[in-house]
Amino acid sequence: MISLSASKPTNPQPSQPGPTSGSGNGGAQHVGGIFSMRTGRKARDKAPVSKKSEHVFRDNSGRTDLAVSVQHLSITYRTTFERVPTFKNAIVRAGRGERAVVEINAVNDVSFDVKNGTALGIIGSNGAGKSTIMRSLAGILPPTHGRVEVWGRASTLLALGVGFNAMLSGRENVILGGLAAGLSRKEVEERANDVAQWAELGDFIDAPMRTYSSGMFQRLAFSVAVHMKPDILMVDEALSAGDAKFREKAQTKMEELRSSARAVFLVSHALGSIKEMCDDAIWLHKGRIMMHAEPAECIDAYTQFVKVGKTPSTMEEL
């Protein structure tokens with residue numbers, strides 16, 4: 001089991017600073033619903049820190065029915081921000097020891113469990129936090145607050161071609177992908193032919209990947225992910241580049257994985273794919289869970305929320 005918990009810094013900063021009545025340098029100004037901007041001198045940046053409510057975390061050490069457990073997960077990005085960047089403003093701020101930092105609360109207090117044998121679909125508008133949660137489950141993003149527990153080895157397909165070297169051939173990328181997944185070279189070589197055959201690339205498997213079309217790229221990436229025999233498969237917006245034949249083939253493969261893998265995660269705007277491939281679903285909005293139910297229920301509530309009908313176009317890409 002892999003467990004990720006938020007670290008506790010010596011001088012914790014508030015993840016969700018509230019508005020202040022003053023306009024001093026140490027104040028906080030809201031930029032949007034999930035954004036907040038902090039500016040001020042480093043020496044004066046000592047605004048009172050609001051204590052985050054202490055969460056009680058469940059002990060899952062004895063559980064054998066879970067593939068993933070997420071408890072009170074929050075993830076905050078911090079970056080510099082300036083509405084009208086000018087050289088003069090940069091010089092003035094540097095002279096005063098000031099800085100402008102924007103905090104993006106991408107995920108806010110999210111909790112859910114995924115049992116073995118579950119195919120979980122995650123839906124929501126752009127910016128809802130879907131990809132952020134997937135990256136946290138994959139161990140790429142550490143939690144700002146909360147805890148993430150994953151049982152088994154995860155195989156991730158987070159975006160088109162992520163982790164591939166376009167200068168290398170498809171076969172070489174297959175070997176590198178397998179080695180990165182923790183397989184021995186012998187195991188990788190045994191599965192390389194299966195990967196190439198499933199992707200149906202023919203002689204292009206030995207051509208540099210920079211010569212591939214987006215569909216060829218996608219077929220190879222998906223083939224690598226599913227043939228590494230993962231305990232948990234995570235697919236994020238990775239089926240959109242494929243044609244109808246590829247999607248049907250991918251759906252059959254994911255059904256096969258459901259019987260052998262602990263869990264399958266699918267993030268997609270194609271609501272039809274979520275409904276067909278998944279038996280559980282989560283609807284996210286602005287970093288929070290709006291609903292955790294069966295796919296049909298989540299899709300109905302989501303389409304009503306965004307005020308669109310369930311037409312073929314919206315069920316395919318929304």
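## Terms and model

Buried here means under 20% relative accessible area, exposed means over 50%, and partly exposed falls in between, with a 1.4 Å probe and protein chains only. With that in hand, let's look around. This is a predicted model, in which local features need pLDDT of at least 70 and side-chain atom pairs count only at pLDDT 80 or more, while totals for chains, interfaces and linings use all residues. Residues are numbered from 1 along each chain as its sequence is written, and side-chain values use heavy atoms, leaving out hydrogens and water.

## The overall fold

The protein has 9 helices and 12 strands; these are DSSP runs, numbered from the N terminus, of at least four residues for helices (H or I) and at least two for strands (E). Of its 318 residues, 43% are buried. Contact means heavy atoms within 4.5 Å, and among contacts between residues at least 6 apart in sequence, 71% join residues at least 24 apart.

## The open sheet

An open sheet of 6 strands runs in the order E8-E9-E10-E6-E11-E12, with mixed pairing. Two strands count as paired if DSSP finds at least two bridges between them. At the edges sit strand E8 (154-157) and strand E12 (288-293), each pairing on one side only.

Within the sheet, strands E6 (residues 118-123) and E10 (residues 263-267) run parallel and are joined by 5 bridges. Ile-122, for instance, has Val-267 in E10 as its bridge partner.

## Two nonpolar cores

A nonpolar core is a set of buried Ala, Val, Leu, Ile, Met, Phe, Trp, Tyr and Cys residues joined through side-chain atoms within 4.5 Å. The largest one holds 46 residues, and Ile-123, Tyr-212, Leu-220 and Phe-222 touch the most other members. Helix H5 (residues 214-227) supplies the largest share of this core, 8 residues. At least three core residues come from each of domain 1 (64-152 + 271-307) and domain 2 (170-261), with bounds taken from an automatic or database domain assignment.

Leaving aside residues up to four places away in sequence, Tyr-212 touches Gly-170, Leu-201, Phe-204, Ile-205, Ala-207, Phe-217 and Leu-220. A second, separate core of 25 residues includes Ala-67, Leu-137, Val-150 and Phe-265.

## A look at Ser-273

Ser-273 lies in helix H7 (residues 271-277). Its relative accessible area is 13%, so Ser-273 counts as buried. Not counting residues up to four places away in sequence, Ser-273 touches Leu-266 and Cys-278. Ser-273 and Gly-121 are 152 residues apart in sequence, yet 9.0 Å apart in space, C-alpha to C-alpha.
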